[in-house]
Amino acid sequence: MTDYIKPYNNDPFVGNLATPITSSGLTKSFLGNLPAYRRGLSPLLRGVEIGMAHGYFLIGPFDKLGPLRNTEVGLLAGFLSTVGLTVILTTCLAMYGSVSFDQDDSKDSLQTKTGWKQFTAGFLVGTIGSAGFAYLLLLNFPVLQTAGLSLLN
């Protein structure tokens, strides 16, 4: 077992272990393709892509587990709750960026104050846009379901 698990870069003081999973090429390529680490992507597009992923899945728990889940306005309440959480998260991102990035001399444009502002704006637009798209899909799901079933007949 000690042949497979070793300290990262043979430095026991780093606090990270290099295992066959964490140091494999597959894991490194997967993490390298995430929008936060992808090269050549502007901070605005990074924020939009990350926001789209989060907005699309945030509406579900609010819709299905919220206090208005068995009412006619449950889906609308879930959408508005998602928008409210998005505004809170965007405010937190803006506060983090304003205290963390004070110099604009970083290699990565996301690690600058203006880059982080673009990322935050993209996150807000992407999250609300994808939550709205998911809302429209869930609202029209019976219509889409019957249209799909009529194509099979």
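The largest nonpolar core in this predicted model is built from seven residues: Ile50, Leu93, Phe101, Leu110, Trp116, Phe119 and Phe123. Helix H4, running over residues 113-139, supplies the largest share of this core, with three residues. Apart from it there's another core, made of six residues, and Ile59, Phe79, Ala134 and Tyr135 are among them. As a rule, nonpolar side chains in soluble globular proteins tend to be buried together.

Now zoom in on Phe101, one of the residues in that largest core. Setting aside neighbours within four places in sequence, Phe101 is in contact with Tyr96, Leu110, Gln111, Thr112, Lys113 and Trp116.

On to the rings. There are six aromatic pairs in the structure. In the pair of Tyr96 and Phe101, the ring centres sit 6.0 Å apart and the planes meet at 90°, so this one is edge-to-face. Tyr96 and Phe101 also belong to one aromatic cluster together with Trp116 and Phe119.

Finally, step back to the helices. H3 covers residues 74-100, and it packs against H4 at an angle of about 170°, with 10 Å between the axes. Angles over 145 degrees count as roughly antiparallel, which is why H3 and H4 get that label. Sorted by class, the contact of H3 with H4 has 17 nonpolar, eight polar and one charged residues.

Technical notes
Residues are numbered from 1 along each chain as its sequence is written. This is a predicted model: local features need pLDDT of at least 70, side-chain atom pairs count only at pLDDT 80 or more; totals for chains, interfaces and linings use all residues. Side-chain values use heavy atoms; hydrogens and water are left out. A nonpolar core is a set of buried Ala, Val, Leu, Ile, Met, Phe, Trp, Tyr and Cys residues joined through side-chain atoms within 4.5 Å. Buried means under 20% relative accessible area, exposed over 50%, partly exposed in between (1.4 Å probe, protein chains only). Helices (H or I, at least four residues) and strands (E, at least two) are DSSP runs, numbered from the N terminus. Contact means heavy atoms within 4.5 Å. Rings of Phe, Tyr and Trp (its six-membered ring) pair if their centres lie within 6.5 Å; planes under 30 degrees apart count as stacked, over 60 as edge-to-face and the rest as tilted. Axes are lines fitted to C-alpha atoms, for helices over the stretch in contact, and angles run from 0 to 180 degrees between N-to-C directions. Angles under 35 degrees count as roughly parallel, over 145 as roughly antiparallel, 65 to 115 as roughly perpendicular and the rest as oblique. Ala, Val, Leu, Ile, Met, Phe, Trp, Tyr, Cys and Pro count as nonpolar, Asp, Glu, Lys and Arg as charged, and the others, Gly among them, as polar.
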